[in-house]
Amino acid sequence: MEKGVQRWVVDISKWDPSPHDFYSALSLLPQHQRPSITRFVRMEDRKRALVSRLLQYALVHEVLGIPFDEININRTLEGKPYLENEKAGLEFPNFNFNVSHHGDYVAIASEPLCLVGLDIVSYLIPPKETVLEFIQNFSSYFSSLEWDNIINAGSCDGILVEFYRYWCLKEAYVKAIGSGLASGLDKVEFHHTRWTNISVKINGEDTREWRFWPFELGKRHWVSVARGHPRSATESYKKTLKGIEFNGEEYHEGLHLPNVDFVSRTVEELIPLLHGGAYNIPSDKRNT
């Protein structure tokens with residue numbers, strides 16, 4: 001199952017496409033996916049949305065070997081993307097993925113059995129607000145323990161970093177279960193030792209069914225990955241999964257699969273994957 005554990009990230013600040021190059025990349029996607037990208041006015045937002053879709057199709061094709069024109073990615077009512085194809089095979093009993101973008105980075109993470117959630121944050125505050133004014137807007141989403149850790153983190157920059165690290169973990173969890181953004185953030189409380197050995201309480205109860213990994217991406221960006229039990233998924237998301245209940249041995253194997261580092265990809269690397277998938281070119285012929 002280890003092949004199903006993937007972590008890819010693209011730095012979109014390094015991609016400065018001409019209008020022709022942008023629309024050429026856009027044309028690789030199915031027609032129904034394109035309006036969700038072109039609805040954005042700012043090019044930076046369009047780039048994030050496009051790269052997010054390119055990552056989804058490229059990862060599904062590379063990991064599962066599904067021809068590009070047979071990949072069917074849809075979204076739940078809450079907005080979580082999922083694969084509709086029934087071609088993941090026995091090797092991946094519950095293949096699922098999640099995407100996130102913020103600032104300069106767009107990323108994707110996948111899991112073969114457990115739920116996966118992913119969130120990226122860029123340590124920024126809106127103009128004309130102090131750090132304390134900014135974070136106060138979100139105080140209701142944190143437990144008293146978490147809030148104390150945030151406001152006692154030292155300098156204003158330290159407070160901001162601590163705030164975003166907690167926020168990133170919370171978002172990764174709610175995205176893993178398929179909930180709407182910000183919904184249920186106050187129900188999860190994170191504990192850690194200098195951001196290692198991370199554990200979580202859900203509705204006040206300790207759980208050993210979840211694991212979390214934070215990563216520093218660089219340029220003041222942070223990403224968190226959540227891995228947890230499929231039965232934690234929302235009802236609408238459960239309907240998209242191949243399996244909900246697994247025996248203890250199966251679930252333990254999925255939960256404790258080795259985590260992997262994020263692999264840096266470029267748009268220029270993703271496009272040949274999609275071209276190859278679209279025309280069903282064998283992988284050993286694509287660079288000849």
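In what order do the three strands of the open sheet lie? The order is β7-β8-β9, and the pairing is antiparallel. Helices and strands here are DSSP runs numbered from the N terminus (H or I of at least four residues for helices, E of at least two for strands), and two strands pair if DSSP finds at least two bridges between them.

A word on the model before we go on. This is a predicted model, in which local features need pLDDT of at least 70 and side-chain atom pairs count only at pLDDT 80 or more, while totals for chains, interfaces and linings use all residues. Residues are numbered from 1 along each chain as its sequence is written, and side-chain values use heavy atoms, with hydrogens and water left out.

Back to the sheet: β7 (188-193) and β9 (205-207) are its edge strands, each pairing on one side only. Strand β8 (residues 196-202) is joined to the antiparallel β9 by three bridges, and Val200 stands opposite Thr207 in β9.

Now look at helix α6 (residues 156-177), which lies across β7 and β8 and runs at about 125 degrees to β7. Angles run from 0 to 180 degrees between N-to-C directions, with axes fitted to C-alpha atoms, for helices over the stretch in contact. Of the 22 residues of α6, 19 are buried, so the helix is largely enclosed by the rest of the structure; buried means under 20% relative accessible area, computed with a 1.4 Å probe on protein chains only. After α6 comes Gly178, with a positive phi near 90 degrees.

Helix α6 also has a helical partner. Helix α5 (residues 144-151) packs against α6 at an angle of about 150 degrees, the axes being 7 Å apart. From α5, Glu146, Asn149, Ile150 and Ile151 make the contact, and from α6 Ile159, Glu162, Phe163, Tyr166 and Lys170 do, where contact means heavy atoms within 4.5 Å.

Strands β10 (residues 210-218) and β11 (residues 221-228) pair in the antiparallel sense over eight bridges, and Trp210 has Gly228 in β11 as its bridge partner. Two residues sit between the strands, and Lys219 takes a positive phi near 55 degrees.

Finally, how far to trust it? The pLDDT (the predictor's confidence in each residue, from 0 to 100) averages 90, and 92% of the residues score at least 70. Over residues 277-288, however, the pLDDT is below 50. Where pLDDT is low, the predicted coordinates should not be read in detail.

Terms used. Buried means under 20% relative accessible area, exposed over 50%, partly exposed in between (1.4 Å probe, protein chains only).
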